[in-house]
Amino acid sequence: MASILSYVPIVNRLVSSTSRTRTIDIPSVEVHNVETAAEKRPRTLKHLLRANHANYSILYHNLEFHNHMPHILGSAYLLGADVQKLHKIYDVESQTLEPWTPSPAEIAQDDWRDFLGDPKYQRAYVDFFEDALALRHNYQWKAVVEEYIYGGKEPLLNCLIGGLGHPLIHLAYAYEVDSREVAMEALGMAATQYNFLHKYIDDASYSKPSPIKSSSPLELILKMASDERVEGLFKQSGPDNIEPLFQKHEDVVMEYWNAWTLDDPVKDFELSQEAAVAILVATVPPGTHSYNFFLCHVLTTSHAVRILLPFIPVEFRISLVKQWWLFTVAVYISELCPKIDPDYIKPGDVAGKQWNYVEDKALNGPYATDAHYVKAIRAMKEAARTWGDVHERYLAAAVRFADDFQGWTFS
């Protein structure tokens, strides 16, 4: 039987609920040090992560897709997958991956920023960061991250939402399973997916008062969906809308981005996680099974932010959450602002099902090898653990998603 403490949100165990400082100070999730663990299950995860790192590139399919192997292996492991399931996941996920190919040139310390945003240099970037790991940082991967993710005038941290947020997600798994291989891949992703979005975080002039009254993320999302300026911007949904959105309608994006002021940062971050779940689950009318692949990334990046916040320097925490909000505004508008109906998530429909039921669906159900399905379930479970779930809203969302999911929609 679970202890009474397990039902207390971890935020309230270690952090005063009355704290209103201008940072986000929440407890860390448990770190699973698979590098040194002696048991077979963590050793298996370590070996599979290393095999993926050695054999498969971080970008593939014309350099457009991202290697999700650490995401699904890490999620399944943290949900309790045994050795056989981990091997099955590896075998299935690796079928679509591609081997490394040489980059046009090597990268050196004096020119490493010159190739940012060029996916053709994925191998060169990973080699560069691994050389730094071995030759200058004594195999301490967090020191490499500190230098290249957090360091400099325009740190890579400020563009982890490039590439649909996969650098952000990858880095979170590196911290959670304490894997230097995954960390070096995350650095490579951050470098190759770097794009124009960094300027909104790096340049303070973009942060200014908004004419839209500040409110919660979900309230702003609902306002966005009814904004006449947003209606009809694009004929078709998809991530290809993101860059034109900023090019032609930056003013609208900035109004909504700046409207969320995070006056009470911890509470506001909690509300943002509630919004992330609603964006995935409460946009799906009953009977349609239309779970949107790209909206899923709003939730999985929110989860990644939750994992990273306790580990990153204090001065970057608010801006990382604002970075997630910029990503959310852009993705939601690019997906044509699907209606959110809170009534689509009904705690009364849980019918006695608990998290062990949802976990079993993630590990043993028909979509147990779908990386985004498993990641989304893990994200909802961790949000419930972090903030508490007295009214079982997170559980209800997870049960509905686990039972109702029949594959992703892409439009």
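Which residue's side chain meets that of Lys-381 in a salt bridge? Select Lys-381 and Glu-359: their side chains form this salt bridge, with 2.6 Å from N to O. A salt bridge here is a side-chain nitrogen of Lys or Arg within 4 Å of a carboxyl oxygen of Asp or Glu.

Before continuing, note that this is a predicted model, in which local features need pLDDT of at least 70 and side-chain atom pairs count only at pLDDT 80 or more, while totals for chains, interfaces and linings use all residues. Residues are numbered from 1 along each chain as its sequence is written, and side-chain values use heavy atoms, with hydrogens and water left out.

**Stop 1: Lys-381 and Glu-359**

Lys-381 belongs to helix H16 and Glu-359 to helix H15, so the bridge links distant parts of the chain, 22 residues apart. Helices (H or I, at least four residues) and strands (E, at least two) are DSSP runs numbered from the N terminus. Glu-359 is buried, with a relative accessible area of 17%, whereas Lys-381 is partly exposed at 26%. Buried means under 20% relative accessible area, exposed means over 50%, and partly exposed lies in between (1.4 Å probe, protein chains only).

**Stop 2: Further salt bridges**

The structure holds 18 salt bridges. Side chains of opposite charge can pair when their charged atoms come close.

Select Lys-353 and Asp-403 next; their side chains meet in a salt bridge of 2.8 Å, N to O. Lys-353 sits in the loop between helix H14 (317–334) and helix H15 (355–364), and Asp-403 in helix H17 (residues 393–404), 50 residues apart. Lys-353 is partly exposed, with a relative accessible area of 25%; Asp-403 is also partly exposed, with 33%.

Then select Glu-35 and Arg-50, whose side chains form a salt bridge of 2.7 Å, N to O. Glu-35 is in the loop between helix H1 (10–14) and helix H2 (40–55), and Arg-50 is in helix H2, 15 residues apart. Glu-35 is buried at a relative accessible area of 19%, while Arg-50 is partly exposed at 31%.

Finally, select Glu-176, Arg-306, Arg-378, Glu-382 and Arg-385 together: these residues are linked in a network of salt bridges.

**Stop 3: Helix H3 against H16**

Two packed helices are described by the angle between their axes and the distance between the axes. Select helix H3 (residues 69–78) and helix H16 (residues 371–387), whose axes come within 9 Å and cross at roughly 45°. Axes are lines fitted to C-alpha atoms, for helices over the stretch in contact, and angles run from 0 to 180 degrees between N-to-C directions. H3 is therefore oblique to H16. Angles under 35 degrees count as roughly parallel, over 145 as roughly antiparallel, 65 to 115 as roughly perpendicular, and the rest as oblique.

The crossing of H3 and H16 is left-handed; that is, the near helix is turned anticlockwise from the far one by less than a right angle, with clockwise being right-handed. Show the side chains of His-71, Ile-72, Ser-75, Ala-76 and Leu-78 in H3, which meet Ala-371, Val-374, Lys-375 and Arg-378 in H16. Contact means heavy atoms within 4.5 Å. The residues of this contact divide into 5 nonpolar, 2 polar and 2 charged. Ala, Val, Leu, Ile, Met, Phe, Trp, Tyr, Cys and Pro count as nonpolar, Asp, Glu, Lys and Arg as charged, and the others, Gly among them, as polar.

**Stop 4: Helix H3 against H4**

Met-69, Ile-72, Leu-73, Ala-76 and Tyr-77 in H3 meet Leu-86, Ile-89, Tyr-90 and Glu-93 in H4. By class, this contact has 8 nonpolar, no polar and 1 charged residues.

**Stop 5: Val-34**

Select Val-34, in the loop between H1 and H2. Val-34 is buried, with a relative accessible area of 1%. Leaving aside residues up to four places away in sequence, Val-34 touches Pro-42, Leu-45, Lys-46, Tyr-77 and Val-177.

**Stop 6: Two positive phi values**

Select His-61, in the loop between strand E1 (59–60) and strand E2 (65–66). His-61 has a positive phi of about 55° although it is not a glycine.
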